[in-house]
Amino acid sequence: MTIYKNLIAGEWVGSDVTKNINPSDTNEVVGLYADGTTEDTKNAIAAAKAAFPAWSRSGIWERHVILKKAGDEIMARKDELGALLAREEGKTLPEAIGETIRASQIFEFFAGEALRLAGEVIPSVRPNIGVEITRDPLGVIGIITPWNFPIAIPAWKIAPALCYGNTVVFKPAELVPACSWAIVDILHRAGLPKGVLNLVMGKGSVVGQAMLDSPDVTGITFTGSTGTGRRVAAASIEHNRKFQLEMGGKNPMVVLDDADLTVAVEAAANSGFFSTGQRCTASSRLIVTEGIHDKFVAALTEKLQTLVVDNAMKPGTHIGPVVDERQLKTDTDYIEIGRKEGAKLAFGGELINRETPGFYLQPTLFTEATNQMRISREEIFGPVVSVIRVKDYEEALSVANDTPFGLSAGIATTSLKHATHFKRNSEAGMVMVNLPTAGVDFHVPFGGRKGSSYGPREQGKYAAEFYTSVKTAYTLA
Ligand code: NDP
């Protein structure tokens, strides 16, 4: 079997390997991927540091061409890369191809942004002095990504980092190295100079930690759990380093009496259960007003009965497996916690056997949940959703905001008044009206508030806030 190695200073290196296992069929090894060491990480950081002066002064056309080539190749290979993604992570093939297309679009967007880099020229308050405001790249960016979006999240961090003239040390989640390896290979062949983009696959506690500990990493962009995010923050403050964190969610979707029932059920089923509920923007709390509650629960339960849980590669599968055994245990532990807390198990909750051995779990719906239960407060990150009954819109808004998180929030209503009020008063970074809380555009800001995010937004033009540092220059004319 081919061993997929780390890319350090333009060379493919590494001898220790880990197996990448398909969660839809645990007999299948997707590939053997390098298991990087602290030494590898130090070498990668040194290579990125050495490559920075030249890359930070490279022409915008060179950056445009490389990012565009990468976007074009990802799009041309969307079916193959989508299949690789579905096999390593377990989201369904159509979802995985969709994510791959999105990665391509992100590279295309930042290829365009490279040509639009600009500053400002402003008159001074003093005579005969000119003021220029420009954006400088930060330096070496450490990129640490989670397992649930194996191609889109690496794309939305690598593309802007390179676009704005930074060099990169990239550590993907150990569970899903295949798509990360593929996009690094594509960018390397697209003509990136040696050391500009370095890939170190391996464990967070080894590779990630070595990145946190290095004074030569000038910025860290992290997506993952709240616990690891706090470690990134503490280590970064110690090194006086810029950092950006995207972490968990416990996203509410409010359903009001006046909602279009079909729209509400489709949005709840999609954002609660698709991608096996393993999206940071998934709706895991459905907050439903009294008048529509029973109708909504009945219609959603009926919808859940039609959803097929099976091998991610099989045509007709709506929900793939849970990503691994550890996450499956977390999900089933929370199902037990929900039962013990007194919520009613309205649907699912059982493990399922399929033709291929995998981590299959029924979509699980709790009703009669309260917002104080652990299943309503803590992120589960699986296909487990609770319904919380409320009296009216005012109570719904208050319950929606009563959470330590603040990533995404949704409302299903036909009332312009309530939709407008919710958009203004939701304490989430992203608000959806009559849409799933998950599923966002690639060219606009992404991020949350409270315990979900820290630092500038990702994606779109707003990405420049993190990947650059503003400089103000004064010149005597
Ligand atoms: P983790 O925090 O466990 O891992 C995220 C990344 O951090 C992985 O690459 C991991 O490496 C690495 N890591 C682990 N320990 C350290 C360390 N000591 N130092 C540096 N890096 C480390 O999260 P998961 O991968 O389990 O992802 C799931 C979580 O991500 C969920 O909570 C979810 O909500 C959140 N998420 C948030 C998103 C957002 O944009 N807000 C989007 C997607 C997910 P490894 O696993 O290889 O050991």
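**Notebook: pockets in a predicted model**

I looked up where the largest pocket sits, and because domain 1 (3–247 + 452–476) and domain 2 (251–433) both give residues to its lining, it lies between them; the domain bounds come from an automatic or database domain assignment. I note that this is a predicted model, in which local features need pLDDT of at least 70, side-chain atom pairs count only at pLDDT 80 or more, and totals for chains, interfaces and linings use all residues. Residues are numbered from 1 along each chain as its sequence is written, and side-chain values use heavy atoms, with hydrogens and water left out.

I took a pocket as an open set of points on a 1 Å grid over the protein atoms alone, where a 1.4 Å probe fits, with protein on both sides within 12 Å along at least five of seven lines; lining residues have an atom within 4 Å of a point.

For the largest pocket I noted a volume of about 1200 Å³, a volume being the space filled by probe spheres set on the points, which are joined across faces, edges and corners. Of its 42 lining residues, Trp147, Gly224, Ser225, Thr228 and Arg326 are the closest to the centre. I found that H8 gives the most to this lining, with six residues, helices (H or I, at least four residues) being DSSP runs numbered from the N terminus.

I then turned to the second largest pocket, which holds about 380 Å³ of space. Of the 17 residues lining the second largest pocket, Arg116, Leu117, Ala118, Arg135 and Tyr164 are the closest to its centre.

Note on methods
Helix = DSSP H or I, 4+ residues; strand = E, 2+ residues; numbered from the N terminus.
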